[in-house]
Amino acid sequence: MKKGSIFGIIVIAIAIAVIISTYSKSSTYGSFTDAKQTGTPLDVVGHLNKKKELTYDPTKDANYFSFFMTDKQGKECKVVFIGSKPQDFERSEQIVLTGQMAGNEFHASKILMKCPSKYTQDKIEVTEYKAKQAAI
Amino acid sequence: MDTDFKGEHLFPGHLGQLFIILAFGSALLSTISYYFATVNKNPLDKSWHNLGRIGFWLNSISVIGIGCCLFFIIYNHYFEYHYAWAHSSKALPVYYIISSYWEGQEGSFWLWAFWQAVLGNVLIWRARSWENSVMTIVGLSQTLLSSMLIGVNIFGTRFGSSPFILLREVIDGPIFKSPNYLSFVKDGNGLNPLLQNYWMVIHPPTLFLGFASMVVPFAYAVAGLWQKRYKEWVQPAISYSLFSVMILGTGIIMGSFWAYESLNFNGFWAWDPVENASIIPWLTLIGAVHVLIVYKNSGHAYFTATFLVLISFVLVLYASFLTRSGILGETSIHAFTDLGMFWHLVVDVLIFLAIAATLLIIRRKELPISKKEEETYSREFWMFVGACFLGLSCMQLVVVTSIPVWNAIFGTHAAPPTDKINFYNVFQSGFAVIVTLLAGFSQFLKYKKTESTRFFITSIVYLVFAVLVGALVIYVTGIYKSHWIYAVLMIAAIYSVLANAKILAEVLKGKTKLAGSAVAHIGFGLLLVGAVIAAGTSTVASINNTGENFNPEFNKTNNPRENLMLYKNEPVQMGDYLITYIADSIAMPNHYFKVDYKLMGKDGKVKEEFILKPNAQANSKFGLVATPDTRHYLFHDLYTHVSMANIKLDDVKPDEGHEDTNDDKSFDPPVPHEVAIGDTIRYRDGLIVLKALNANARLENITLEKNDVSVGAKLEIISHGKTYQSEPIYMIKGGNGFDFARKVEDLGIKLRFSKILPKDNKVEITVYQQPESKKPYIVLKAINFPCINFFWSGTIIMVIGFLLSIFRRNKEFKAV
């Protein structure tokens with residue numbers, strides 16, 4: 001067999017390996033219910049329940065942060081994150097958690113939050129300006 | 001309904017919009033004219049050619065015009081324009097106005113168009129016989145870029161997004177009904193504090209020059225296929241590709257440096273989709289440079305070279321689609337949001353992909369593909385193999401980064417790998433091992449054919465040497481503790497450095513032609529050495545396993561706890577350092593926290609002491625934005641980053657000079673102590689000693705009458721090794737007793753001289769302590785990054801290598 005063909009086969013084999021590894025290693029998006037059923041790590045998308053308490057008290061533990069999140073199916077769950085409270089967390093619009101269930105709590109290893117983008121933030125800003133005007 | 005709005009400055013916006021339309025029109029004119037100039041068979045007819053030039057020059061002027069109008073608007077704070085309102089504020093220093101250009105999508109498209117205009121003019125000046133065909137492609141790209149800025153509605157769909165759109169056109173709000181709405185809009189949103197960094201002034205222009213310049217090799221390849229000048233396009237394409245990889249590489253590393261300095265990605269590289277998007281085309285183009293050289297020297301690998309050049313530019317467009325269309329959604333924090341340009345961007349990618357594919361298919365039979373097989377012991381064969389692996393490495397990045405795209409196409413719900421960084425690191429290290437080994441031993445090979453015994457001896461001698469040096473480095477730095485692939489990569493990278501150093505030594509003997517490649521490869525090797533050590537062995541210094549047990553289940557997971565709590569003036573041991581948060585200093589809008597580091601020797605003496613000043617902006621719009629401070633050493637960097645602090649927002653003015661007299665509520669219940677002179681009071685954080693009573697204590701604005709008495713209690717407070725003085729006062733005025741409390745802010749205590757007890761010869765001192773949680777504190781994270789300097793110096797060396805290569809290739813290439 002020609003050297004070129006052997007090399008070609010190697011390249012194709014690696015390419016297939018890359019695709020399979022991506023497929024097998026990729027996580028899935030799910031809900032808290034899925035997380036509870038499977039018990040494996042996955043990504044949960046949802047939003048912060050702003051009415052319930054956010055716990056981050058560095059005077060007690062600088063690495064414990066907990067909050068309540070509602071997933072896309074409307075199920076609410078307590079989330080615990082080992083670390084400090086991400087900056088600007090209260091303003092987040094959408095949260096993506098990576099982690100798994102432990103009892104009735106979801107233990108997140110990673111939090112990715114989407115803050116309001118410039119374009120949806122605009123309305124909030126306008127009301128702020130009005131409030132300032134009234135104060136003057 | 002037309003309202004006559006007051007105070008708007010519509011002229012610069014209208015002028016800017018006119019320039020945008022003109023830029024689009026002239027680019028289109030230039031493209032069409034150059035097309036006809038190319039297909040025109042009559043060499044004496046220069047009319048299309050001249051029209052093409054005029055069109056492109058007109059476009060260049062318009063693009064500059066757009067930039068000037070936008071600058072004028074931002075500089076004058078015309079917040080009636082959405083762009084100025086969204087990306088700048090009155091407090092923004094002038095040099096950051098430039099940064100606000102590229103905070104928004106429109107500004108960065110403009111930047112791209114600007115660089116492409118500059119490059120187009122260089123081509124008009126230099127390309128000679130290639131001008132017509134090459135400029136047709138550059139013009140087409142310029143037309144599509146300009147169309148992104150148009151922002152007009154055609155048949156109910158908006159095309160592009162204009163930077164000159166007005167605030168009231170974007171936002172629906174009752175206030176925009178009022179003609180004097182501008183008097184409500186006092187200030188803009190401001191620039192994200194993360195971008196207020198000098199690196200953010202120069203990183204985007206460099207990166208976009210890199211992106212923009214990739215159109216040039218693409219245009220040459222297309223022109224070569226189109227005009228059937230199959231072999232000639234390669235030489236100019238090598239020079240321009242080298243330029244592109246040099247600039248884009250520099251731009252990427254600048255971004256990496258910014259990320260490292262500001263710690264926004266927790267290090268210098270985090271495989272965020274935005275970072276991947278910039279490196280994807282770099283990898284294919286660096287592969288392309290190698291196979292172009294292979295083709296030039298041996299006639300082999302023509303198809304691979306052409307394919308890689310073509311795909312690189314398509315990938316630039318694909319990368320800009322990824323980051324700008326909003327498709328990355330949940331996978332990246334930094335991508336732009338969708339401006340309604342999703343399909344516009346898709347079309348842009350498809351047009352150029354179609355051009356490349358069509359030409360390759362039409363011309364497939366005519367391509368000068370070598371039928372002869374490469375020699376195994378030839379440099380060209382292994383360079384070709386290396387380029388293929390660069391392509392594979394790129395493919396892995398594309399496949400994984402594009403997960404949201406696959407989801408959109410196939411309707412799946414896959415998410416990126418849970419441990420993304422590790423996943424990429426291991427894969428990309430594997431590819432890097434092969435690439436660096438090849439970059440090493442192919443230096444011992446010659447083009448065409450090499451004598452095999454000599455080659456084996458040299459390469460094995462160097463390999464043994466590399467393994468020895470590598471083993472030492474791996475042992476000293478502790479890389480063996482992490483994944484084995486890092487150790488292998490370390491040896492491979494060292495091998496590449498050593499092999500190329502040998503070539504460089506020969507250069508000094510006179511073979512100067514080879515200097516560029518040797519230097520670039522040494523740089524690349526060093527860069528990897530630094531990256532492997534820094535990424536593989538960086539440690540969090542502030543591991544903290546104290547903390548209240550919120551939940552036993554939670555503590556079982558035994559995760560490292562990376563944040564440390566520091567109360568003001570209370571030293572905490574962190575690894576070898578004794579660290580203390582000692583003071584604050586405020587330079588609005590930055591709040592600096594002074595953290596004192598003492599390196600303690602075994603004998604308990606201070607070996608080294610320094611102060612780091614991490615800062616945070618408590619920005620009311622962006623939240624707490626922290627910037628770390630770093631202690632740089634030759635072989636490692638120590639980072640200090642404030643993850644949390646109880647500071648006020650920057651737009652809350654401190655109440656100056658007005659002290660709340662009754663703030664007892666903010667303290668724990670008071671504790672009275674009866675003491676005589678010389679007695680000691682113990683409290684939570686230390687000792688208070690009553691040194692003396694001062695019968696001459698006076699208060700500034702109170703005059704004492706004959707029978708009035710004023711006594712001060714001279715107190716010395718010793719807390720955590722520091723001594724403070726305080727003198728609360730007791731006063732009898734007009735027969736009534738008063739007392740004047742004194743606070744020691746640093747310690748969070750208040751002291752009252754509450755009674756005199758003449759019978760016992762004692763006085764009563766009341767101590768108020770702030771509760772623990774009210775005391776000033778910071779939550780700190782400290783990270784140790786070893787050997788990062790290799791990474792930066794490797795980059796600089798690599799860029800020098802690219803420069804040398806460009807000079808060499810330019811000498812070879814006389815434009816025809």
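Visitor: Where in chain B is B:K228 found?

Guide: B:K228 is in the loop between α9 (215-226) and α10 (234-262) of chain B. Helices (H or I, at least four residues) and strands (E, at least two) are DSSP runs, numbered from the N terminus. This is a predicted model: local features need pLDDT of at least 70, side-chain atom pairs count only at pLDDT 80 or more, and totals for chains, interfaces and linings use all residues. Residues are numbered from 1 along each chain as its sequence is written, while chains are lettered from A and ligands numbered from 1 in the order in which they are written.

Visitor: What is phi of B:K228?

Guide: Near 55 degrees, a positive value in a residue other than glycine.

Visitor: Is B:K228 buried or exposed?

Guide: Count C-beta atoms, placed from the backbone, within 10 Å of the residue's own: 20 or more others is buried, 12 or fewer exposed, in between partly exposed. B:K228 has 9 others, so it is exposed.

Visitor: Where is B:C787, and what is its phi?

Guide: B:C787 is in the loop between β24 (777-786) and α21 (788-812) of chain B. Its phi is positive, about 55 degrees, although B:C787 is not a glycine.

Visitor: What does chain B come to as a whole?

Guide: Chain B has 21 helices and 24 strands. Its C-alpha atoms fill a box of roughly 120 × 80 × 50 Å, taken along the principal axes. Of its 816 residues, 48% count as buried.
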